[in-house]
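Have your viewer ready, and try each task before reading on.

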Amino acid sequence: PWTHVIANEREYGVVLNNEGEIYSFMGNSQQNGITPFSLNNVPVQVPGQALYLYNMETGALDGPTFLPFRRIDEPCDITFGRGYAVYRKETTDVDLEYTIFVPPHEPAEVRQLKIKNKSSRTMTYRVVPYLQIMLGEIPSDTRGKISAEYDESTQALFFSNPQNDFYRGTAFVATSLKVLAYETVRSRFVGGNG
C-alpha cells in the first residue's frame with residue numbers, strides 16, 4: 001500500500017492511500033480527526049469517507065476509487081503529487097477522474113469529480129458523498145456528541161463537537177451539485193447497528 005499526506009500551513013490535512021481510503025484532520029492528526037483514521041493493514045467494512053455513484057438507469061453502484069467496492073475488474077490508477085492526489089478508473093462505459101487537493105492557504109480540502117461517458121446512450125448518476133464525521137480522536141469517544149445542521153441557503157452541512165477538548169470549531173461539507181437529500185445519522189445511511 002501507498003499512503004500520501006497533504007497538509008498546509010493552516011494546519012489542515014488529508015491522508016489518503018492508493019485504494020481510496022481518506023482521512024481528514026484539522027490542527028492535530030491524532031487528536032482532531034474530522035473523519036476516522038482507518039488506513040491500517042486491516043480493511044474496514046465501511047471506510048470513513050467514500051464517494052458513491054448511483055447509475056439512475058441501471059441501479060448499479062460504483063465509485064471513482066478501489067474502495068469501498070474492491071472490484072478487481074476495475075483497476076484504478078493513482079497519481080500522488082505535491083498537494084494533490086488523482087484517482088482514475090476506466091470501465092466499459094465511463095472514465096472516472098477524482099481529484100483531491102488541499103489549497104495552500106485555506107483550512108479545507110477540495111474534491112473534483114469528472115465523469116466521461118464513452119457509451120452511445122445517455123447516463124445519469126446520483127453522486128452521494130459519504131463522510132463519517134468524528135471531530136475527535138476515535139469515533140466511540142464522539143458518538144452522540146456531534147451537532148449537525150443543514151443550511152438551506154448554502155446547501156452545506158455544518159458539524160461541531162462542543163465537548164472536543166483539543167480543538168473546537170465547525171466543520172462543513174458542501175457540494176456544487178444540487179442537494180436533493182442528506183442524512184446525518186450513520187446507521188440510517190449504512191444500515192445495521194453501526
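**Exercise 1: a side chain and its partners**

A polar contact of 2.7 Å links the side chains of Asn32 and Asn164; a polar contact is a pair of N or O atoms within 3.5 Å, where within protein one must be able to donate a hydrogen and the other to accept it, and residues adjacent in sequence count only if both atoms are side-chain atoms. This is a predicted model, in which local features need pLDDT of at least 70 and side-chain atom pairs count only at pLDDT 80 or more, while totals for chains, interfaces and linings use all residues. Residues are numbered from 1 along each chain as its sequence is written, and side-chain values use heavy atoms, with hydrogens and water left out.

Task: locate Asn32, and decide whether Asn32 is buried or exposed.

Solution. 
- Step 1. Asn32 sits in the loop between strand S3 (22-26) and strand S4 (49-55); strands are DSSP runs of E, at least two residues, numbered from the N terminus.
- Step 2. Its relative accessibility is 3%, so Asn32 counts as buried (buried means under 20% relative accessible area, exposed over 50%, partly exposed in between, with a 1.4 Å probe and protein chains only).
- Step 3. A polar atom of the Asn32 side chain lies 2.8 Å from the backbone oxygen of Met26.
- Step 4. Leaving out residues up to four places away in sequence, Asn32 touches Phe25, Met26, Leu135, Gly136, Asn164, Phe166 and Tyr167; contact means heavy atoms within 4.5 Å.

**Exercise 2: an open sheet**

Task: which strands stand at the edges of the sheet, and with how many partner strands each?

Solution. 
- Step 1. An open sheet of 3 strands has the order S1-S2-S3, with antiparallel pairing (two strands pair if DSSP finds at least two bridges between them).
- Step 2. Strand S1 (3-7) and S3 are at the edges with a single partner strand each, so one side of each lacks a neighbour in the sheet.
- Step 3. Strand S2 (residues 12-17) is joined to S3 by 5 bridges, and Gly13 stands opposite Phe25 in S3.

Note on methods. Helix = DSSP H or I, 4+ residues; strand = E, 2+ residues; numbered from the N terminus.
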